[in-house]
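Thanks for coming. I will go through one chain today, and I will keep it brief.

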Amino acid sequence: MARERTPGDRDPAEQPFAADSIWNTPIGRGALYQAADADESRMLHTDHAGGPGGSYPWIAADAIGLYRAGANDPVARWHYRVRAGSVPWPGGPPQSNGAVGLPTPADVTFLGGSDQHAIVIDPLGRYAYEVWHGASLGQRGYRADYLVRTDLRGSGIASGEGRSEGIRAFGGSLVGGMIRCDELARGEIPHAVAVLLSTTQLRKGPTMADQKVWPAMHSDGGGKNDYRGLVPMGALLALPPSVDVEALPLTREGRALARAYQRFGGYIVDATHKTMSLAVLPQGCDKQMIRNLFADRRTIRDRLVRVLNNGPKHPGGPGERIAPPPPPLKPEGPGGG
């Protein structure tokens, strides 16, 4: 029999992934931080990598349509061009040019400019269905160029080298590192943050392997892209312990973001054009909170550096963790997820 959920248990629909996921692992006290005047660091600290306005700092507000289906929501037909196969799908639908029925709220909107992203979490809060190039088909349901079934109790990253098992270019989940509106309202972001770099900042290389570091397992186009910079896909960025976050001239929301960068860091998961996104938010967050993050974006960005010894043996760097981890996931089963 599953135990009852305690107040400290974590709902994977609200803060996803396993306790040992990169997204939930605080930085280690043995983390090695790159110098602030290193070439990579300077490329992070400018609005103009690759030319005027080539890496303008940004807060990606209303970037993803995020929904949790209710038990009484109707089952809609989702038609897809390709679906990911990393997590088993009930019924084993075809990998390409197929369709599945999913409980779906009536108000699903696709956001993120040309990416047209959405995430629909199932009623039990166990799986998220991540959408790239989504659109409504009216009474026929929805379509997606790429549809991913993500285990919210899993790792949030791809399972092996060269694999793309999520919407993000680094090969992992679209859910990973997204900042929820409730977290901003509480003033606490208890996990690592998703970072998007301009193609003028991302490391140029002749092969995919040259362009990335763990936990990235992939890069745009399988290595055939227009990256022109120095910073590898998958790099962990953080505020070093020498930065006194409490003394910085930040708003409440900016301080929450800065603390998250210092305690958990931010992973580079995707490419953008002419912007460096320090935070990715779903639809509907408070507009003043968003304005506050925009006001603080350069103060935070200009102090971020890369953690050089982040790796699969020591996520976040070695040593004792500098902050407590999030609570454990609530149990599965009745009353669980």
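This is a predicted model: local features need pLDDT of at least 70, side-chain atom pairs count only at pLDDT 80 or more; totals for chains, interfaces and linings use all residues.

Residues are numbered from 1 along each chain as its sequence is written, and side-chain values use heavy atoms, with hydrogens and water left out.

Helices (H or I, at least four residues) and strands (E, at least two) are DSSP runs, numbered from the N terminus. Two strands pair if DSSP finds at least two bridges between them. On that basis, strand β8 (residues 236–238) pairs with β9 in the antiparallel sense over 2 bridges. Strand β7 (residues 193–198) pairs with β9 in the parallel sense, over 6 bridges, and there S198 stands opposite T272.

How many residues of strand β9 are buried? Of the 7 residues in β9 (residues 266–272), 6 are buried, so the strand is largely enclosed by the rest of the structure. Buried means under 20% relative accessible area, exposed over 50%, and partly exposed in between, with a 1.4 Å probe and protein chains only.

Next, the hairpins. β4 and β5 run antiparallel and are joined by 4 bridges, with V120 opposite Y129 in β5. They form a hairpin with 5 residues between them, and G125 in the turn has a positive phi of about 75 degrees. β5 then pairs with β6, again in the antiparallel sense, over 9 bridges. Here V131 stands opposite L147 in β6. This hairpin also has 5 residues between its strands, and G138 takes a positive phi near 70 degrees. Strand β5 (residues 127–136) is mostly covered, with 7 of its 10 residues buried.

H117 sits in the loop between β3 (96–103) and β4 (118–121). Is H117 buried or exposed? H117 has a relative accessible area of 4%, so it counts as buried. Contact means heavy atoms within 4.5 Å. Neighbours within four places in sequence aside, the contacts of H117 include F110, V131, W132 and R168.

Now the rings. Rings of Phe, Tyr and Trp (its six-membered ring) pair if their centres lie within 6.5 Å; planes under 30 degrees apart count as stacked, over 60 as edge-to-face and the rest as tilted. The structure holds 8 aromatic pairs. One of them, W58 with F294, is edge-to-face, at 5.0 Å centre to centre and 85 degrees between the planes. W58 lies in strand β1 (residues 55–68) and F294 in helix α5 (residues 287–301), so the pair ties together parts that are 236 residues apart in sequence. W58 is partly exposed, at a relative accessible area of 35%. F110 and Y142 are also edge-to-face, 6.0 Å centre to centre with 65 degrees between the planes. That pair links F110, in the loop between β3 and β4, to Y142 in strand β6 (residues 142–151), 32 residues apart. Both F110 and Y142 are buried.

Finally, the whole chain. The secondary structure comes to 5 helices and 11 strands. The radius of gyration, taken over C-alpha atoms, is 19 Å, close to the 20 Å that the globule rule (2.2 Å times the number of residues to the power 0.38) gives for 337 residues, so the chain is as compact as a globular protein of that length. Of the 337 residues, 59% count as buried.
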